[in-house]
Amino acid sequence: MLTFAKILLVIVSIGLILVVLLQSGKSAGLSGAITGGAEQLIGRKARGFDAVLAKITAGLAIAFIALTLWVAWMVANV
């Protein structure tokens with residue numbers, strides 16, 4: 001069971017990396033980071049493919065955290 005969980009964790013990790021790399025950049029450089037945060041606070045939402053990638057990223061991030069905790073628990077208790 002531990003081996004299965006580790007393999008699943010690797011698959012989710014690779015998926016998370018790929019989805020993050022597919023996302024388009026919202027800002028460029030330090031000045032873009034400052035103004036980009038203000039644009040997000042105003043309520044500019046991602047549309048289309050970016051919105052789908054954002055949802056997939058969130059799901060994979062939650063799965064990654066849950067799997068990491070599960071594997072850590074199994075290593076400590078098995």
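Modeller: The largest nonpolar core is made up of 10 residues in all, namely Ala5, Leu9, Val12, Leu16, Val19, Leu53, Leu60, Leu67, Val71 and Met74; a nonpolar core here is a set of buried Ala, Val, Leu, Ile, Met, Phe, Trp, Tyr and Cys residues joined through side-chain atoms within 4.5 Å. At least two residues of this core come from each of helix H1 (2-22) and helix H3, where helices (H or I, at least four residues) and strands (E, at least two) are DSSP runs numbered from the N terminus. This is a predicted model, in which local features need pLDDT of at least 70 and side-chain atom pairs count only at pLDDT 80 or more, while totals for chains, interfaces and linings use all residues. Residues are numbered from 1 along each chain as its sequence is written, and side-chain values use heavy atoms, with hydrogens and water left out.

On the H1 side, Ala5, Leu9, Val12, Leu16 and Val19 are buried, buried meaning under 20% relative accessible area, exposed over 50% and partly exposed in between (1.4 Å probe, protein chains only). Seen down the axis of H1, these buried residues fall within an arc of 95°, so they line one face of the helix; the arc is that of the directions from the helix axis to the C-beta atoms. The face of H1 turned away from the buried side carries the exposed residues Thr3, Ile11, Ile17, Leu21 and Leu22.

The buried residues of H1 pack against H3, and those of H3 pack against H1. In H3, the buried residues are Leu53, Thr57, Leu60, Leu67, Val71 and Met74. Leu53 touches Val19, Leu22 and Gln23, not counting residues up to four places away in sequence, contact meaning heavy atoms within 4.5 Å. Thr57, found in helix H3 (residues 49-77), has a relative accessible area of 16% and is therefore buried. Leaving aside neighbours within four places in sequence, Thr57 is in contact with Leu16, Val19, Val20 and Gln23.

An unreviewed UniProt entry annotates residues 56-76 as "transmembrane region"; UniProt positions are given in the numbering used here, feature names are shortened, and annotations may be inferred rather than shown by experiment. Over residues 56-76 the chain is 100% helix and 0% strand, with the end C-alpha atoms 30 Å apart.
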